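This briefing describes the strands, helices and chain contacts of the structure shown below. Please keep the structure at hand while reading the points that follow.

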Amino acid sequence: MSDNPDLRICPNCGQENSLYTLRCIRCGEEMEELFQLEGFDPSEQLSNDSPQEDQAPLSEVLASLDDSPLLAEPVENHVDENGGDHAGDDQSSVVEKELPDWLERVRQRAQEEEDASGELSKLGHTSKERRQVDEAFDDILRRIREQNEREKTRKPRTTEQGMVDEKGDPEWLRRIRELHPKNEEDPRETTLKGLPLEDDDAWTKEELQELLRREMGISEHADQAAEDEKFEEIETIDSAEPSIDLPFQENFHNIADDDQDEPQEEEPAEPEEEANAEEPESFPDNDPETENAIDEPEEPDGGLQDQEGAVEQPDEETAEEAESEITPPVDKVLPDLLLLRNQRERAQVLREVIAQEGQRTITLLHEPARQGKIGRFVLALMLILAVLGGILFGGEAGIANQPIPAPALAFEENLRSITSTHPVLLVLDYHAATRGDIEPLVQEILAILDSNRVTTRIVTANPENLWLGETPDEFIPGDMLGYLSAAVSSDPAWGQLPLAQGFSGDAKIYHEVDQAILISDSSEFVRAWLEQVSPWQSGIQTSVVTTSVSEPMLLPYFESGQLRGIIAGASQFRALGTTQQGSINQYAWQAGTLLMMIVLILGMIMKVDEDRQRRTEERSQ
Amino acid sequence: MKQRTPVIIAAVSGVLLLVAFFFQPFTSPYLGLVLNWAIILASVAFLVAIASLVVTHIRFIINGRKGFLFSLVFILAFVLTVVFGLYLGIDDQQYLEAIHTVLVPIQSALMGLIALVLMSAAVKLFRTRGWSILTVSFGGSALVFLFLNLGFLRLDFSEGLNDVIAMVQRLPVIGARGLLIGAGLGALLMALRVLFGQEAHNE
């Protein structure tokens with residue numbers, strides 16, 4: 001036995017079953033132990049061939065059965081269930097009327113004779129009487145079994161009686177409807193709904209009579225052919241009741257399996273009874289013709305069954321297939337566990353979610369990042385190869401006779417015109433990254449000024465230029481404020497200004513200066529100089545050496561006359577004369593610019609191709 | 001009042017400097033003195049910023065924050081630069097060459113990366129932004145002016161075409177003028193807002 005008193009272990013497969021289960025939910029083995037009576041072993045009784053040994057236990061059993069509460073209990077229970085509608089006396093009288101004759105004779109003789117068992121044992125020596133006794137015993141066992149089953153199935157019904165909604169539908173019916181929502185619109189169900197549902201929840205008089213007649217019919221159907229017609233009517237009504245149990249109902253619980261299997265346990269019924277038992281499953285709707293067809297023994301061609309669809313196919317194979325599709329594995333379902341369909345679906349979803357734990361279910365948003373890195377790597381290689389190719393394989397022909405811009409020509413003209421003895425102020429403000437674009441020009445400018453014997457004063461407010469210059473420059477603290485302070489202030493009467501003490505040379509950087517050349521890669525610096533410093537030093541003519549990037553922003557100042565000239569980048573080195581370094585830088589610049597143009601065109605082509613593909617897909621859709 | 005104090009100081013300083021600019025040369029010594037104060041304050045603020053940067057990276061190293069090795073490299077480079085600069089002096093040739101050999105490759109590499117990013121952006125521009133007036137005008141103008149500035153287009157046989165090309169090449173100047181005028185107007189309005197204390201309402 002199981003450790004749990006509410007469960008019973010199947011002797012065949014070891015599956016735990018409900019206490020009241022008649023058959024094992026796994027292997028279908030019959031759980032006969034439930035019906036064992038105290039002090040009585042039916043197997044031993046049946047296997048014993050000695051008539052002398054049969055007499056004593058048989059008499060005891062018959063005597064105990066008369067006093068057994070099991071036989072008297074159904075009458076009382078029916079009375080309780082039906083309330084005061086049915087009197088107990090009426091029921092008992094009905095039962096007495098329906099008792100078989102042999103049992104009545106046994107009781108009469110038992111009351112008249114002192115040793116009834118002895119007389120019976122004497123009479124039982126004949127085979128005919130022996131067979132009657134065996135049949136009587138089998139009938140008693142069958143009655144006990146069926147009464148247990150009735151009682152078992154009645155208990156949950158009585159408990160569910162109180163769970164009725166406002167429409168009067170019991171809970172089990174609501175569960176069935178929830179399990180089969182589509183069938184709610186089935187016209188056949190409307191017919192079934194028309195039946196009084198209370199009949200399913202309580203034992204009615206007809207059901208009790210049916211029960212008794214069935215019991216009697218099993219034992220007496222061979223002799224009572226006259227009552228077959230009544231049986232057909234009763235069986236028709238009775239077989240219509242299970243039709244309320246919609247298809248696949250047995251798949252969602254393990255309690256009613258016993259009820260479903262019960263007809264298989266019984267002895268083979270008459271062909272007419274089988275036909276009556278199967279017909280209710282096949283009628284599809286409440287069509288009068290169809291209802292009349294129920295009485296017919298067979299359904300022609302199954303035309304009405306086809307209307308039912310695959311749900312109610314009488315074929316056992318198709319039913320088993322459908323059952324296997326919906327029914328979960330039995331060993332995975334706990335006994336007495338009732339799962340609704342939506343509950344099973346939610347459990348399945350939860351199971352799938354748990355199974356997907358740690359797995360990537362959606363594509364990453366930044367998945368193309370790897371492709372972007374590869375694309376940038378390819379672009380970098382193209383850029384490097386282009387610049388190297390321009391440097392290594394470029395020649396004079398590539399840049400020959402390019403027109404020199406007007407600002408560059410003005411700068412060259414202004415530079416060569418400086419012949420005064422006044423020093424030229426060179427203001428450095430560029431970074432190491434642009435030194436290749438600026439320093440070749442600065443070297444040429446210094447050479448020209450040196451050839452003209454012009455003195456220069458190189459100052460910077462950018463510490464970086466102190467490290468870039470080959471010769472130390474004068475550092476002006478305060479960046480543009482330092483230049484402005486030096487341009488604005490004059491020597492006060494009370495002494496020197498604080499910053500004057502920080503200059504390594506003369507604090508008056510603009511003293512006797514009439515030419516200033518700004519060497520900067522920032523148009524902002526040049527603009528601040530022209531707008532803040534130059535107004536205070538109006539006698540100083542300013543020209544600029546800058547990069548190609550800053551040139552467009554400074555051209556307005558050249559056109560307005562604030563700048564004497566602009567020379568921008570290595571592309572305009574020819575304004576000052578050809579140098580080897582300047583040529584190399586210009587080749588690289590041209591190659592890089594060409595590559596930039598190609599990439600820009602490539603981006604346009606890719607966009608056009610992408611749009612064309614999208615349009616093609618849209619048309620195909 | 002606590003919030004208005006900086007605004008009042010800024011407005012008064014701006015007014016005094018404006019007046020000093022108008023009453024030259026009588027106010028030039030005072031103007032130079034005020035500018036010297038501003039430079040000293042800015043230098044002190046710069047030192048404070050350097051100290052804050054160093055302390056922050058030291059804190060990163062102590063806490064073992066992710067990427068603290070970069071902080072370690074920064075602190076090491078800063079200490080070496082300061083120590084050797086103070087010991088050898090900024091006029092020392094070896095010191096200048098050492099800084100030069102580090103500074104030039106780093107900034108050149110940074111400039112190359114900028115060029116690479118610009119190329120990548122040129123490829124992705126139309127795919128990400130699509131076809132619009134902005135993207136089409138940008139791409140077209142970039143192609144035209146890059147090609148013209150390369151100097152490969154030679155139209156010596158026709159003076160008229162040369163004039164047309166010259167006019168096209170001056171188009172960037174028009175744009176630059178617009179930018180400069182806009183920047184000048186913005187600076188003027190900002191200065192007036194500071195002078196009249198209107199910036200306090202936005203803070």
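Gln515(A) has Gln541(A) in β7(A) as its bridge partner. This pairing belongs to an open sheet of six strands in chain A, ordered β5-β4-β3-β6-β7-β8 and paired in parallel. The model is predicted: local features need pLDDT of at least 70 and side-chain atom pairs count only at pLDDT 80 or more, while totals for chains, interfaces and linings use all residues. Residues are numbered from 1 along each chain as its sequence is written, and chains are lettered from A and ligands numbered from 1 in the order in which they are written.

**Terms for the sheet**

- Helices (H or I, at least four residues) and strands (E, at least two) are DSSP runs, numbered from the N terminus.
- Two strands pair if DSSP finds at least two bridges between them.
- A residue is buried if 20 or more other C-beta atoms lie within 10 Å of its own, exposed if 12 or fewer, and partly exposed in between, with C-beta atoms placed from the backbone.

**The sheet of chain A**

- At the edges of the sheet stand β5 (474–475) and β8 (566–568) of chain A; each has a single partner strand, so one side of each is left without a neighbour in the sheet.
- Strand β3 (residues 424–429) of chain A is joined to strand β4 (residues 456–460) of chain A by five bridges, and the two run parallel; within this pair, Val427(A) stands opposite Val459(A).
- Six bridges connect β3(A) with β6(A), again in parallel, and Asp429(A) is opposite Ser520(A) in β6(A).
- β6(A) is linked by five bridges to strand β7 (residues 541–546) of chain A, which runs parallel to it.
- Three bridges pair β7(A) with β8(A) in the parallel sense, and Thr546(A) has Ala568(A) in β8(A) as its bridge partner.

**Burial of the strands**

- In a regular strand the side chains alternate between the two faces of the sheet.
- Strand β6 (residues 515–520) of chain A is mostly covered, with six of its six residues buried.
- From β6(A), Gln515(A), Ile517(A) and Ile519(A) point one way, whereas Ala516(A), Leu518(A) and Ser520(A) point the other way; all are buried.
- β3(A) has six of its six residues buried, so it is largely enclosed by the rest of the structure.
- Both faces of β3(A) are covered: Val424(A), Leu426(A) and Leu428(A) are buried on one side, and Leu425(A), Val427(A) and Asp429(A) on the other.

**Helices against the sheet and against each other**

- Axes are lines fitted to C-alpha atoms, for helices over the stretch in contact, and angles run from 0 to 180 degrees between N-to-C directions.
- Two residues are in contact if their C-beta atoms, placed from the backbone, lie within 7 Å.
- α24(A) lies across β3, β6 and β7 of chain A and runs at about 155° to β6(A).
- Helix α25 (residues 551–559) of chain A lies across β7 and β8 of chain A, at about 170° to β8(A).
- The axes of helix α23 (residues 479–488) and helix α24 (residues 523–533), both of chain A, come within 10 Å and cross at roughly 25°.
- From α23(A), Met480(A), Tyr483(A), Leu484(A) and Ala487(A) meet Ala528(A), Trp529(A), Gln532(A) and Val533(A) of α24(A).
- The residues of this contact between α23(A) and α24(A) comprise seven nonpolar, one polar and no charged.
- In these classes, Ala, Val, Leu, Ile, Met, Phe, Trp, Tyr, Cys and Pro count as nonpolar, Asp, Glu, Lys and Arg as charged, and the others, Gly among them, as polar.

**The two chains**

- Chain A has 26 helices and eight strands, and buried residues make up 22% of its 621 residues.
- Chain B has seven helices and zero strands, and 6% of its 203 residues count as buried.
- In the interface, 46 residues of chain B are in contact with 46 residues of chain A.
- On chain B, the elements that give two or more residues to the side touching chain A are α2 (28–63), α4 (93–129), α5 (133–150) and α7 (171–195).
- α4(B) supplies the largest share of that side, 19 residues.
- By class, the side of chain B that touches chain A has 32 nonpolar, 10 polar and four charged residues.
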